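I opened this notebook to record what I looked up in the structure. The entries follow in the order in which I made them.

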Amino acid sequence: RVVQMVRIKISLGIVVAIIVLSVSGIFVLDYKTDRVLKLLEETRSYSDEGDNEKALEAADSLEKEWEKYHTYASIFVRNDKITNVQTSMSRLKPLIEKDNDELNAEFENAKSGLEWIIESEIPKLTNIL
């Protein structure tokens, strides 16, 4: 009986640890997504103003932050969602350099992909049921 109680306590401890890590991971993912979105908007605003030099600097910062985010998010998010955003992120810098017309579409695609990650991964009543 004592052995069974120890096993039950260990099992409950493991379940609680998994729940705590999952919930804290969701909050960190939300925070990191907000940081990437802010850098994306900053890059877009420089690009819209026509300041390609500052836009490229902001794109470098965005790229570094995206790499950190990508590594972390791949633990919690399905790979296809991350891949869609990765495609847009990798195209931003070359489009800024060429001053291409498709740049705004890529900004929107990256933004909507990041927002979709948060909307679909954070538990809400609508996506639980």
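**After the first helix**

I began at glycine 50, which follows helix α1 and has a positive phi, near 90°. I note that the model is predicted.

I then turned to α1 itself. The helix covers residues 2-49, which is 48 residues. From its first C-alpha to its last, α1 reaches 71 Å, close to the 70 Å expected at 1.5 Å a residue.

Next I asked which residues of α1 are buried. I found Gly25, Leu29, Lys32, Thr33, Val36, Leu37, Leu39, Leu40, Thr43, Arg44 and Ser47. What covers these buried residues includes α2 (52-76), α3 (79-98) and α4 (103-121).

**The pair α3 and α4**

I looked up how two of these helices lie against each other. The axes of α3 and α4 cross at roughly 155° and come within 9 Å. Angles over 145 degrees count as roughly antiparallel, so α3 is roughly antiparallel to α4. I recorded the crossing of α3 and α4 as left-handed.

I then listed some of the residues that make this contact. Among them are Val85, Met89, Leu92 and Ile96 of α3, and Phe107, Ala110, Leu114 and Ile117 of α4. By class, the contact of α3 with α4 has 11 nonpolar, 4 polar and 4 charged residues.

**Glutamate 119**

My last entry concerns glutamate 119, which is found in helix α4. Is this glutamate 119 buried, partly exposed or exposed? Its relative accessible area is 43%, so glutamate 119 is partly exposed. Glutamate 119 and aspartate 30 are 89 residues apart in sequence, and their C-alpha atoms are 9.7 Å apart in space.

Conventions: Residues numbered from 1 in each chain as written. Predicted model: local features only at pLDDT ≥ 70, side-chain atom pairs only at ≥ 80, totals over all residues. Heavy atoms only, no water. Helix = DSSP H or I, 4+ residues; strand = E, 2+ residues; numbered from the N terminus. Expected span 1.5 Å × (residues − 1). Buried < 20%, exposed > 50% of the residue type's maximum accessible area, 1.4 Å probe, protein only. Contact = heavy atoms within 4.5 Å. Axes fitted to C-alpha atoms, helices over the stretch in contact; angles between N-to-C directions. Parallel < 35°, antiparallel > 145°, perpendicular 65-115°, else oblique. Left-handed = near helix turned anticlockwise from the far one by under 90°. Nonpolar A, V, L, I, M, F, W, Y, C, P; charged D, E, K, R; others polar.
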